[in-house]
Amino acid sequence: MPDGCRLAARIWLPEDADTRPVPAVMEYVPYRKNDGLALRDAPIHAYFAGHGYASVRVDLRGSGDSEGVMEDEYLPLEQADGVAVLRWLAAQPWCTGRVGIIGKSWGGFNGLQIAAHAPPELRAVISVASTDDRYADDVHYMGGCTLAVTQLPWASTMLALNGTPPDPAVVGGGWRARWLERLERTPPFADAWVRHQRRDGYWAQGSVCEDYGAIACPVYMVGGWDDAYRNAILRFLAGYPGPCKGLIGPWAHVYPETGVPGPAIGFLQEAVRWWDRWLKDEDNGIMEEPKLRAFVPEATPPATALATRSGRWVALEGWPAAPVAA
């Protein structure tokens, strides 16, 4: 990073990328690439590499095997690091200079936030299960009230996760010193959250709904009805002036290729079509297809869990859509 901090990444490359450079796709989250999400990451990034992309999974500053301390979520420093990573990727000999960002939840948030800086290397974003509004539509406050069911548990989860050590096999003999620094310096995120109980500049920072027009690349917004992060998709489609698409399935807080409740879909195939259009300039017709596809569930008897939902898919050419009534 520009200040000398080193971030850790795992990179999947096509076998001939050293002689035939490819675009890159980045996922940028704090959930430990070597153990925490290793089983989830591998199928996604290997698939992208197998379809002609350098696929890169980065641990945020202060997480996993990266250096530094994470002092809060979605800070300007996190976004600046993301811009620096994009620049680094674009400059690699195996990269064409074009980069996309994909992410779910935290990675979906910061994909939009980084895009709002309009880095020239960033050509497209896929944002899954994310929000455009950090105050009104996240885990902290709802309707101006403390969202107690999620605020303290999430802050506690991140405090514990941020206190875990880096992997000695990756970072070497300095792992213990780095671990102790995290334990001593990592704050409980909830301290900042409760100091800002009303919508102010703290929450406006990182909320792309404040200025959708700051984003300068195509965006694919994805989510599920059984997830808390669903409203941002329709808001974004209505507010963003640039190229965008939306997809809402029956799923909870997961990537759609493993979507539960089902039906799941071939989401990695859809993602590759998006990358092919915007990172390789292939005229594959994806932008001529409906702007929004959504699953309309049918009434279902109450149950403790559902493997799948009955319903149908609908396609809308735009949003807001004239045929839809409140």
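Helix H4, which runs over residues 148-162 and holds 15 residues, reaches 21 Å from its first C-alpha to its last, close to the 21 Å expected at 1.5 Å a residue. The model described here is a predicted one.

- Gln151, Ala155, Met158 and Asn162 are the residues of H4 to look at as buried positions. They lie on the same side of H4 because they cover an arc of only 70° around the axis.
- The other side of H4 carries Ala148, Val149, Leu152 and Ala160, which are exposed.
- The buried residues of H4 are covered by elements that include helix H3 (106-115), strand E6 (141-142) and strand E7 (145-146), together with helix H6 (175-185) and helix H7 (190-195).

**Arg178 in helix H6**

- Helix H6, which is among the elements covering the buried residues of H4, contains Arg178.
- Arg178 has a relative accessible area of 14% and therefore counts as buried, since buried means under 20%.
- When neighbours within four places in sequence are left aside, Arg178 is in contact with Asp65, Ser66 and Glu67, and also with Pro166 and Val171.

**The annotated region as a whole**

Notes: Residues numbered from 1 in each chain as written. Predicted model: local features only at pLDDT ≥ 70, side-chain atom pairs only at ≥ 80, totals over all residues. Heavy atoms only, no water. Helix = DSSP H or I, 4+ residues; strand = E, 2+ residues; numbered from the N terminus. Expected span 1.5 Å × (residues − 1). Buried < 20%, exposed > 50% of the residue type's maximum accessible area, 1.4 Å probe, protein only. Arc of directions from axis to C-beta. Contact = heavy atoms within 4.5 Å.
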